[in-house]
Amino acid sequence: MTGLVPDPRVDALRVGTPPGWVDVALADLPATMSDHAHAEKKAALSALSLLNREPARTDLVARMAKLAREELRHLDQVLGHLRARGWPLAADRPDRYAGALLRHRRAGGSGGLVDRLLCAALIEARSWERLSLLGDALADDPLGAFYTELARSEAGHYRLFVDLAEVECPGEDVAGRLTELAVEEAGIVEALPHEPRIH
Ligand SMILES: [Fe+2]
Ligand SMILES: [Fe+2]
């Protein structure tokens, strides 16, 4: 993917974000960062929702509790940057990207859990890519270092979800399913209009 330093931990994305997105995102940075704050909030909520659905999976529960805390820290940091600039947090808007991806999940059973984990992994991977692009584009601004650091953290979250799918769902073809869902994710990214939001 052009203009982006690859992270060896993120190996699933089939396409790069189309050129032009970063310009749209930077042209309305208050809106982009407001959406980013909501994305961090939703990441925390989805970690807690997974914990709630799978209480008997001790390792998963512990990891989701840690992840929720980390995503809330990201939320707090983004809110701090918004506040420092006098930019308000806008209302959350429906996330068409995540909504379209989650429609491909299978329901129930081991396959359902694999899909839930892999969709979360792909959303983290796309966040890694987009936050990296913002980090590069804002290299002359203190926000650049902030976004680059956050991107690294999202790459780790991608890996966490893929590893969890492997460990929690033995017997499932996790790699094969990741490829299938990554193809769907690529189609969604290419079809969505460019907007001042993370996804
Ligand atoms: Fe995050
Ligand atoms: Fe994350």
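**Note on the predicted model**

1. The largest cavity holds about 50 Å³ of space. The model is a predicted one, and it contains one cavity of 30 Å³ or more.

2. Which residues line the largest cavity? They are Asp35, His38, Ala39, Lys42, Asp95, Arg197, Ile198 and His199. By residue class, the lining of the largest cavity has four charged, two polar and two nonpolar members.

3. Glutamate 124 belongs to helix 5 and glutamate 154 to helix 6, so the pair ties together parts of the chain 30 residues apart in sequence. Are these two residues buried or exposed? Glutamate 124 is buried, with a relative accessible area of 7%, and glutamate 154 is buried as well, at 2% relative accessibility.

4. What lies 3.5 Å from the iron ion (ligand 2)? The iron ion (ligand 1) does, and glutamate 71 coordinates both ions.

5. Serine 153 and glutamate 71 are 82 residues apart in sequence, while their C-alpha atoms are 9.6 Å apart in space. Serine 153 is part of helix 6. With a relative accessible area of 16%, serine 153 is buried, because buried means under 20%.

6. A second residue of helix 6 can be described in the same way. Glutamate 166 is placed in helix 6 and is partly exposed, at 44% relative accessibility. From leucine 117, glutamate 166 is 49 residues away in sequence and 9.7 Å away in space, C-alpha to C-alpha.

7. How many salt bridges are there? The count comes to 16.

8. Glutamate 54 and arginine 57 form a salt bridge through their side chains, at 3.0 Å from N to O. Glutamate 54 is buried, at 18% relative accessibility. Arginine 57 is partly exposed, at 27%.

9. Arginine 85 and aspartate 141 also form a salt bridge, with an N to O distance of 3.8 Å. The two residues are 56 residues apart and link distant parts of the chain: arginine 85 is in helix 3 (residues 58-85), and aspartate 141 is in the loop between helix 5 (109-137) and helix 6 (142-168). Arginine 85 is partly exposed, with a relative accessible area of 29%, and aspartate 141 is partly exposed at 28%.

10. Aspartate 115 and arginine 177 meet in a salt bridge at 2.9 Å, N to O. Aspartate 115 lies in helix 5 and arginine 177 in helix 7 (residues 174-191), so the pair ties together parts 62 residues apart in sequence. Both aspartate 115 and arginine 177 are buried.

11. Which residues are linked with Asp115 and Arg177 in a network of salt bridges? Arg106 and Glu180 are, and the network consists of Arg106, Asp115, Arg177 and Glu180.

12. The count of disulfides comes to zero. The cut-off for a disulfide is a pair of cysteine sulfur atoms within 2.5 Å.

Technical notes: Residues are numbered from 1 along each chain as its sequence is written. Chains are lettered from A and ligands numbered from 1 in the order in which they are written. This is a predicted model: local features need pLDDT of at least 70, side-chain atom pairs count only at pLDDT 80 or more; totals for chains, interfaces and linings use all residues. Side-chain values use heavy atoms; hydrogens and water are left out. A salt bridge is a side-chain nitrogen of Lys or Arg within 4 Å of a carboxyl oxygen of Asp or Glu. Buried means under 20% relative accessible area, exposed over 50%, partly exposed in between (1.4 Å probe, protein chains only). Helices (H or I, at least four residues) and strands (E, at least two) are DSSP runs, numbered from the N terminus. Donors are N, O and S atoms within 2.8 Å of the metal (3.2 Å for Na, K and Ca); water is not among the atoms, so sites may look incomplete. On a 1 Å grid over the protein atoms alone, a cavity is a set of points where a 1.4 Å probe fits but cannot get out, and a pocket is an open set with protein on both sides within 12 Å along at least five of seven lines; lining residues have an atom within 4 Å of a point. Grid points are joined across faces, edges and corners, and a volume is the space filled by probe spheres set on the points. Ala, Val, Leu, Ile, Met, Phe, Trp, Tyr, Cys and Pro count as nonpolar, Asp, Glu, Lys and Arg as charged, and the others, Gly among them, as polar.
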